[in-house]
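Colleague: Please show me the model, and I will ask how some of its labels were reached.

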Amino acid sequence: MYRNNVIHKPASYPSRRFTMIPPTDMRQIIQGYENLREALDPSIDIIVHCHNEFDLPSMLQFARDLESIKPLWLEDPLPVLYHESWKTLKQVSRIPLNTGEKLEGPWEFYPFMVNSAIDMLQPDLVFAGGYSACWRIADMAEHFSIPLTVHNVGNVLQNAMTAQFAVSTRNFVMTETNFGNWPMHGDLVKETLEIKDGMLKVPDGPGIGVTPNEEAIKENRMPGEPYWD
């Protein structure tokens, strides 16, 4: 969608490219979001995800031009790890900034908090260090009055894990999920997870609340993938 006329490789992620958005593309992108906002019911919020791909000048302009559609948040606008550009963007953007799905451990999250460079944080239980690390992240974020919106694109087991984390975390707001997009979701556990009006009923069984269906898990392995007892 974007022309790769400017490429830069940040030192901390030498294989990671991020791109400037030229004015012609910017106008087209903004028009697309304005069309989307006009077409959608006002009760539906829009989240704008940038996948950590763009540079500071592009995101400064993008945040200004995107204000009219009032997104819920602007997600991962700059390269992954904290640097001063995040703070600069936060000071300018009137759209809340959110990041964290690629961060690992509490101390990759901490600079965003202590430097007032973020509005929301989005740890992933699998990537950020499990329950213990994510509770530490949540506790630190609470001291800075920062809410958590949990990243979650795993299978039904991660959905159950995230639900347990949610009900035990004071500053949890919401989680994304791909539940329903995978045909085998319901087969991987013996219980049925209930979702109604966008809300998941927290499973109340032992542990994470659900019982893995080992036979279904084995059947859905990739070719050659071992099964870990």
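Modeller: The questions below set values against definitions. This is a predicted model, where local features need pLDDT of at least 70, side-chain atom pairs count only at pLDDT 80 or more, and totals for chains, interfaces and linings use all residues. Residues are numbered from 1 along each chain as its sequence is written, and side-chain values use heavy atoms, with hydrogens and water left out.

Colleague: Why is Tyr82 called buried?

Modeller: Buried means under 20% relative accessible area, exposed over 50%, and partly exposed in between (1.4 Å probe, protein chains only). Tyr82 has 19% relative accessibility, so Tyr82 counts as buried. Phe112, at 0%, also counts as buried.

Colleague: What makes the pair of Tyr82 and Phe112 edge-to-face?

Modeller: Rings of Phe, Tyr and Trp (its six-membered ring) pair if their centres lie within 6.5 Å; planes under 30 degrees apart count as stacked, over 60 as edge-to-face and the rest as tilted. By this rule there are 6 aromatic pairs. In Tyr82 and Phe112 the centres are 5.5 Å apart and the planes at 80°, so the pair is edge-to-face. Tyr82, Trp86 and Phe112 form one aromatic cluster.

Colleague: How do you know that the charged end of Lys218 sits over the ring of Tyr227?

Modeller: The rule asks for NZ of Lys or CZ of Arg within 6 Å of the ring centre and within 35 degrees of the ring normal. The charged end of Lys218 sits over the Tyr227 ring, 4.9 Å from its centre.
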